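Biologist: I would like to learn how to read a model feature by feature. Where do we begin?

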Amino acid sequence: MFAVQDKLKEDLGLTKVKIIHNQNYKRHGTKSYVNTLNRYRFDPTKPGPYFHVDKVRSHGLLPHELKSALGGVVHKERTLVKKDNPGDDGQTTEVTAEDQQNDSMYICEVGIGEPVQKLLLDFDTGSADTWVRSTLEGKGHSGHNAFDPKKSKTFEKLSGKKWKIQYGDGSTASGDCGSDTLILGNLSIKKQTIECATKLSRQFSQGTSDGLLGLAWGKINTVTDSGEADPQATPVENMIKQDDIPKEAELFTSAFYSTRDKGAESFYTFGFIDQDLVKKSGQEIQWTQIDNKEGFWSFSSESCAINGEKVKLSGNTAIADTGTTLALVSDKVVEKLYEQIPGAIYDWLNQGYIFPTTVKANELPEIKVAVGDQEYLIQKEDLAFALTDDKKYWYGGIQSRGMMPFDILGDTFLKSAYVIWDQGNRRLGLVPKIQDVQNLEPPPDDSGTDGGAENDHAQDEYLI
């Protein structure tokens, strides 16, 4: 396998795609959790300000009673809402862009078109849409790059094709489609469907990135043709179709490091594995088969271990998602984990588990989660995700998945491994990537290091 990849790498001049640690990103635990609630639309099982309700959505100007009598133009829609304190029964307000993390910790430079236009995209294995800010929005893009289809000689408009992403709070991103050449680390992917934004809600527009590059399976792509579903191939699926990519190279890899890890460079590769990083781990790549029927990188995860104590999770599954910052697991696991952390509590206002900043790394438990038959350690430093607004507590990097039927292993988990996303063989490979020193200092991108969120809350009021 490696010999084939080495030849491809030399023939095509393939390089790593450097991951840029977004300088504008500010960690905030609750906002990251709300973002995941919004994307995956799951019902929380732990109390807090944010939850989903069924809201009636009416169309047109007919009275409600007449609409019901006419049969069916009134319908309910699942909507994410919030309340200000535990006693506000039935009193809710809308979730806004300020309530959630709409920026990306990691972004990567890609090229589109001829001549090449460079954009910074969020690479997301939990999505299959590749969309970009574009000049078709008809407004300025201060501080951003916007793709201009008119300036690319290789762009072809795909008439009738539209795309639209909608989240639980009602926010949307939508636009038109075309095809063009996409360049990732010197790898040219021809005739890639590029979803050009014409309209972005604030939740989508206020981040630093210029769009998103979907790395899930194309079956969950949102493109329609004349109103009918017409899912488009993802960049990796198109890469696989190209004649110049052998079977052994139908993959991409990711290596994430924290801003706490000085001198370590995060990266992706497309078409080859970084053999030096595999050798550094001292272990062979462990492979597990992927179930992609729902479009995600889904696999069996039937156990975990907390300080060596095995927790059986019969039938449990998980997805690996680079677009999710936290790791979300069952209440059974999350409760056992925080029982082992001195001073840890569940906090209503933060809607998550928090623990004192005085806790030292050697006081944190070792937690391993299974990917297939192999369990992998999550770095202790990543259990301390972000300072709370009063700077007295850490918001934990592992939280409750609520009513979700599967775990979501986001960046909290993925930073502890070098991951090989072997799409051509529908399998996931991992080797451990644990830092020698576990650093619990607040990272440079923590919102708590420059004053935190807009409102300082009296957190002790809502400790559970």
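Modeller: With a definition. A residue counts as buried when its relative accessible area is under 20%, and as exposed when that area is over 50%. This model is predicted, so keep that in mind throughout. Now apply the cut-off: F256 has 1% relative accessibility, so F256 is buried.

Biologist: What share of the 464 residues is buried?

Modeller: Buried residues make up 58% of the protein. The accessible surface comes to about 19,700 Å². Carbon and sulfur atoms own 47% of that surface.

Biologist: What does the overall fold look like in terms of helices and strands?

Modeller: There are eight helices and 31 strands. The radius of gyration is 22 Å, close to the 23 Å that the globule rule gives for 464 residues, so the protein is as compact as a globular protein of that length. Along the principal axes, the C-alpha atoms fill a box of roughly 70 × 60 × 45 Å. Look at the contacts too. Of those between residues at least 6 apart in sequence, 71% join residues at least 24 apart.

Biologist: Now the rings. How do I describe an aromatic pair?

Modeller: A search of the whole structure gives 18 aromatic pairs. Take F252 and F270. Their ring centres are 5.7 Å apart and their planes meet at 20°, so this pair is stacked.

Biologist: Which strands hold F252 and F270?

Modeller: F252 belongs to strand 14 (residues 252–255) and F270 to strand 15 (residues 267–270), so the pair ties together parts 18 residues apart in sequence. F252 is buried, at a relative accessible area of 0%. F270 is buried as well, at 2%.

Biologist: And F256, from your opening example? How is its ring placed against that of Y268?

Modeller: F256 and Y268 make an edge-to-face pair. The centres are 5.7 Å apart, with 75° between the planes. F256 sits in the loop between strand 14 and strand 15, while Y268 sits in strand 15, 12 residues away. Y268 has a relative accessible area of 2%, so Y268 is buried.

Biologist: Which residues form one aromatic cluster?

Modeller: The cluster consists of Y106, F123, W217, F252, F256, Y268, F270, W297 and W421. Both pairs we discussed have their rings in that list.

Biologist: Rings can also meet charges. Which charged ends sit over a ring?

Modeller: Here are two cases. The charged end of K16 sits over the ring of F267, 4.1 Å from the centre. The charged end of R427 sits over the ring of W287, 3.6 Å from the centre.

Biologist: What should I expect of the backbone?

Modeller: Most residues other than glycine have a negative phi, and most peptide bonds are trans. Now the exceptions. The peptide bond from E114 to P115 is cis, with omega near -5°. P115 lies in the loop between strand 5 (106–112) and strand 6 (117–124).

Biologist: What is the phi of S226, and what is that of Q351?

Modeller: S226 has a positive phi near 55°. Its place is the loop between strand 12 (224–225) and strand 13 (228–229). Q351 has a positive phi of about 50°, and Q351 is not a glycine. Q351 lies in the loop between strand 22 (345–347) and strand 23 (352–356).

Biologist: Are these two residues buried or exposed?

Modeller: S226 is exposed, at 65% relative accessibility. Q351 is buried, at 2%.

Technical notes:
Residues are numbered from 1 along each chain as its sequence is written. This is a predicted model: local features need pLDDT of at least 70, side-chain atom pairs count only at pLDDT 80 or more; totals for chains, interfaces and linings use all residues. Side-chain values use heavy atoms; hydrogens and water are left out. Rings of Phe, Tyr and Trp (its six-membered ring) pair if their centres lie within 6.5 Å; planes under 30 degrees apart count as stacked, over 60 as edge-to-face and the rest as tilted. Helices (H or I, at least four residues) and strands (E, at least two) are DSSP runs, numbered from the N terminus. Buried means under 20% relative accessible area, exposed over 50%, partly exposed in between (1.4 Å probe, protein chains only). A charge sits over a ring if NZ of Lys or CZ of Arg is within 6 Å of the ring centre and within 35 degrees of the ring normal. The radius of gyration is taken over C-alpha atoms; the globule rule is 2.2 Å times the number of residues to the power 0.38. Contact means heavy atoms within 4.5 Å. Accessible areas come from the Shrake-Rupley method with a 1.4 Å probe; for residues, only the protein chains shown count as cover.
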